[in-house]
Amino acid sequence: MEMHQVRYFLAVAQLLNFTRAAEECNVTQPSLTRAIKQLEAELGGDLFRRERPAAQLTELGQRMHPLLKQCFDAATGARSLASSFKSGEIGALRIALTHSIDLSLLIPHLNEIRRQFNRLEFRFLRGTSREVGEFLKKGEAELGIAAEIDEAWDRLDVWPLFTESFELVVGDGHRLAGRSSIELDDLRPEQLLSRTFCEHSGRISASLREHGIEHGHEISNERDLIELVEADIGVAMVPHTSPVPERLTRAAVAGLDARRTVSLYGVAGRQRTAVANAVMRMLRGADWREIAG
């Protein structure tokens with residue numbers, strides 16, 4: 001079945017006249033009639049009763065009409081969408097982030113990129129560091145942002161964006177609240193919440209254990225972590241760029257070397273969309289010093 005056959009069928013079904021339908025489709029009547037006969041042969045029956053003064057849809061034609069119209073509309077829509085992407089009228093961004101990266105880091109850049117495209121479609125994927133690597137590998141995402149990707153694939157391009165420290169977060173009624181700096185010894189009696197969704201949680205836990213400090217609870221998402229800290233059930237080490245409510249306080253921990261580098265990832269040698277290229281240049285050229293602290 002060819003799309004021009006479907007187009008001719010729909011024209012005749014609307015006008016109920018082969019001559020006028022041929023004029024509408026800008027073809028000769030013999031060409032239109034031949035195409036419809038070929039369509040009828042493929043479908044196994046007449047679609048029209050060729051009567052005068054007007055053609056009439058047969059029972060088969062009436063049943064096929066909504067299906068063929070849906071098929072034609074879908075094909076027309078696909079061509080229109082493809083043309084819009086090609087001309088730059090529509091852009092799409094597929095980006096993967098690990099659970100520990102806060103989306104607010106990207107908002108200013110996303111707002112800027114939206115001004116460069118008439119219509120922009122975002123698709124954000126979340127996952128572990130290994131899953132983000134898989135999203136890139138399989139082509140489900142064009143760009144990835146993570147503190148570290150657990151993937152040894154040699155086609156991964158890596159562009160470091162910024163390095164930040166981890167800070168202690170406590171409730172505003174906690175005994176350590178309000179301090180600008182906290183000593184490691186101050187943490188010994190505390191129940192520490194481990195952010196297991198963070199790429200560096202294992203390293204931070206190991207570093208604290210070296211100082212005789214053990215984590216008390218394992219937490220799998222940021223919202224639960226914040227609620228537990230607010231309830232004074234524990235304290236947590238979070239990256240500087242992780243937003244926390246005003247009712248919580250944060251402070252550096254003296255003597256603890258806990259830092260992470262957030263990087264942008266892409267796939268070497270793979271063609272990227274205009275949107276992805278623009279975002280990549282924007283993120284690599286951004287001044288992250290104020291955000292990273």
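**Cavities, pockets and salt bridges**

A: Let's start with a cavity. Helix H9 gives the most to the lining of the second largest cavity, with three residues. Keep in mind that the model is predicted.

Q: Which residues line the second largest cavity?
A: Ile95, Leu106, His109, Leu110, Val279, Met282 and Leu283. Helix H5 (107-114) and helix H9 (274-285) each supply at least two residues of that lining.

Q: How much space lies in the second largest cavity, and what classes are its residues?
A: About 40 Å³ of space lies there. Six lining residues are nonpolar, one is polar and none is charged.

Q: How many cavities of 30 Å³ or more are there?
A: The count comes to three. The largest cavity has about 60 Å³ of space.

Q: What lines the largest cavity?
A: Phe166, Leu193, Ser194, Arg195, Cys198, Ser201, Ile204, Ser205, His215 and Met237. Strand E8 (192-195) and helix H7 (201-210) are the elements that give two or more residues. By class, the lining has five nonpolar, four polar and one charged.

Q: Which helix gives the most to the lining of the largest pocket?
A: H3, with three residues. Helix H2 (18-25) and helix H3 (29-43) each supply at least two. The lining divides into five nonpolar, four polar and four charged residues.

Q: And the second largest pocket, how much space lies there?
A: About 150 Å³. Its lining is Arg7, Leu10, Ala11, Ala13, Gln14, Glu24, Cys25, His65, Lys69 and Phe72. Helix H1 (3-15), H2 and helix H4 (59-87) each give two or more of these. H1 gives the most, with five residues.

Q: What about classes in the lining of the second largest pocket?
A: Five residues are nonpolar, two polar and three charged.

Q: What feature does UniProt place at residues 1-58?
A: The unreviewed UniProt entry gives "domain: HTH lysR-type" there. That span is 62% helix and 7% strand. Its end C-alpha atoms lie 19 Å apart.

Q: Now the charged pairs. How many salt bridges does the structure hold?
A: The structure holds 15. One of them joins the side chains of Glu167 and Arg250, at 2.7 Å from N to O. This pair links distant parts of the chain, 83 residues apart. Glu167 sits in strand E6 (residues 156-171) and Arg250 in strand E11 (residues 248-254).

Q: Is Glu167 buried or exposed?
A: Glu167 is buried, because its relative accessible area of 12% is under the 20% limit. Arg250 is partly exposed, at 28%.

Q: What does Arg179 form a salt bridge with?
A: Asp186. The closest N and O atoms are 3.0 Å apart. Arg179 is partly exposed, with a relative accessible area of 34%. Asp186 is buried, at 18%.

Q: How far apart in helix H8 are Glu227 and Arg223?
A: They are four residues apart in helix H8 (residues 222-230), so about one helical turn separates them.

Q: Is Arg223 buried or exposed?
A: Arg223 counts as exposed, at 63% relative accessibility. Glu227 counts as partly exposed, at 42%.

Methods. Residues numbered from 1 in each chain as written. Predicted model: local features only at pLDDT ≥ 70, side-chain atom pairs only at ≥ 80, totals over all residues. Heavy atoms only, no water. Nonpolar A, V, L, I, M, F, W, Y, C, P; charged D, E, K, R; others polar. 1 Å grid on protein atoms, 1.4 Å probe; cavity = no way out; pocket = protein on both sides within 12 Å on 5 of 7 lines; lining within 4 Å. Points joined across faces, edges and corners; volume = space filled by probe spheres on them. UniProt positions renumbered as here; feature names shortened; annotations may be inferred. Salt bridge = Lys/Arg side-chain N within 4 Å of Asp/Glu carboxyl O. Buried < 20%, exposed > 50% of the residue type's maximum accessible area, 1.4 Å probe, protein only.
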